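Please open the structure in your viewer and keep the selection panel at hand. The stops below move from the whole fold to single residues and pairs.

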Amino acid sequence: MTATPSDPWDVPPAVTPSASPTPADEPGPVIVQIAEIGVTSTVVHTPTGDLPLAGSQWQVNDYWFTTQRIPRWAILAAVLGFCVLTVFSLLFLLVKESVAQGTVQVTVTSGTRQYVARIPVKDQNAVTAINQQVNYVRTLAAL
């Protein structure tokens, strides 16, 4: 038996593309970015998967702590002054400054799924900005 060559003009039927997303299915551009959480007009993008925005609940908790430390200028003054005034230069090491540090925890819950983002912050302005972003997303979720 010999194989018959295929006809070069024999074209397979056109393949129709699979169901492509319609513009209504696409979530659109990211409106608000809170750390690794991206929010579009209909979807909340998280590293663990997407959540629907409608009906989602948002919670913000801030955790602050204050530490005491010797400022750099005081350490430099103590080291440089040690050559000139030995005893008095060590008094610079008694200077302390308070440094506030903390994290803001943003929790989004939609149905049975939940995602928590922890955002390091260094001042109150960053905490206020995160709270404003979450309040805006809350209004979007309520629509």
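A contact here means heavy atoms within 4.5 Å. With that cut-off, select Ser-110, which touches Leu-51, Pro-52 and Ser-56 when residues up to four places away in sequence are not counted. Ser-110 lies in strand S6, strands being DSSP runs of E with at least two residues and helices runs of H or I with at least four, both numbered from the N terminus. Ser-110 counts as buried because its relative accessible area is 11%, where buried means under 20%, exposed over 50% and partly exposed in between, with a 1.4 Å probe and protein chains only.

Before going further, note that this is a predicted model, in which local features need pLDDT of at least 70 and side-chain atom pairs count only at pLDDT 80 or more, while totals for chains, interfaces and linings use all residues. Residues are numbered from 1 along each chain as its sequence is written, and side-chain values use heavy atoms, with hydrogens and water left out.

**The whole chain**

Colour by secondary structure to see three helices and seven strands, which follow the pattern β-β-β-β-β-α-α-β-β-α along the sequence. Of the 143 residues, 25% count as buried, and among contacts with a separation of 6 or more, 55% are between residues 24 or more positions apart. The protein exposes about 10400 Å², of which carbon and sulfur atoms supply 62%; accessible areas come from the Shrake-Rupley method with a 1.4 Å probe, and for residues only the protein chains shown count as cover.

**The largest nonpolar core**

Next select Ile-34, Ile-37, Leu-53, Trp-58 and Val-106, which touch the most other members among the 21 residues of the largest nonpolar core. Strand S1 (32-34), strand S2 (37-39), S6, strand S7 (113-121) and helix H3 (124-142) each give two or more residues to this core, and H3 provides the largest share, six residues. Such a core is a set of buried Ala, Val, Leu, Ile, Met, Phe, Trp, Tyr and Cys residues joined through side-chain atoms within 4.5 Å. Centre the view on Ile-34: leaving aside neighbours within four places in sequence, Ile-34 is in contact with Trp-58, Val-106, Ile-119, Gln-133, Val-134 and Val-137.

**An aromatic pair**

Which two residues form an aromatic pair? Select Trp-73 and Phe-92, whose rings are edge-to-face at 6.4 Å centre to centre, with 80° between the planes. Rings of Phe, Tyr and Trp (its six-membered ring) pair if their centres lie within 6.5 Å, and planes under 30 degrees apart count as stacked, over 60 as edge-to-face and the rest as tilted. Phe-92 is partly exposed, because its relative accessible area is 32%.

**A surface patch**

Now show the surface of Ile-75, Val-79, Phe-82, Leu-90 and Leu-93, which form a nonpolar patch with about 430 Å² of accessible area together. For such a patch, nonpolar side chains (Val, Leu, Ile, Met, Phe, Trp, Tyr) with over 30% relative accessible area and no salt bridge are joined within 5 Å.

**The salt bridge**

Finally, select Arg-69 and Glu-97, which form a salt bridge with the closest N and O atoms 2.9 Å apart. Arg-69 sits in strand S5 (residues 57-69) and Glu-97 in strand S6, 28 residues apart. The criterion is a side-chain nitrogen of Lys or Arg within 4 Å of a carboxyl oxygen of Asp or Glu, and a search of the whole structure finds one such bridge. Arg-69 counts as partly exposed at 46% relative accessibility, and Glu-97 is also partly exposed, at 28%.

Definitions and conventions. Patches are made of residues with over 30% relative accessible area and no salt bridge: like charges are joined within 9 Å, nonpolar side chains (Val, Leu, Ile, Met, Phe, Trp, Tyr) within 5 Å.
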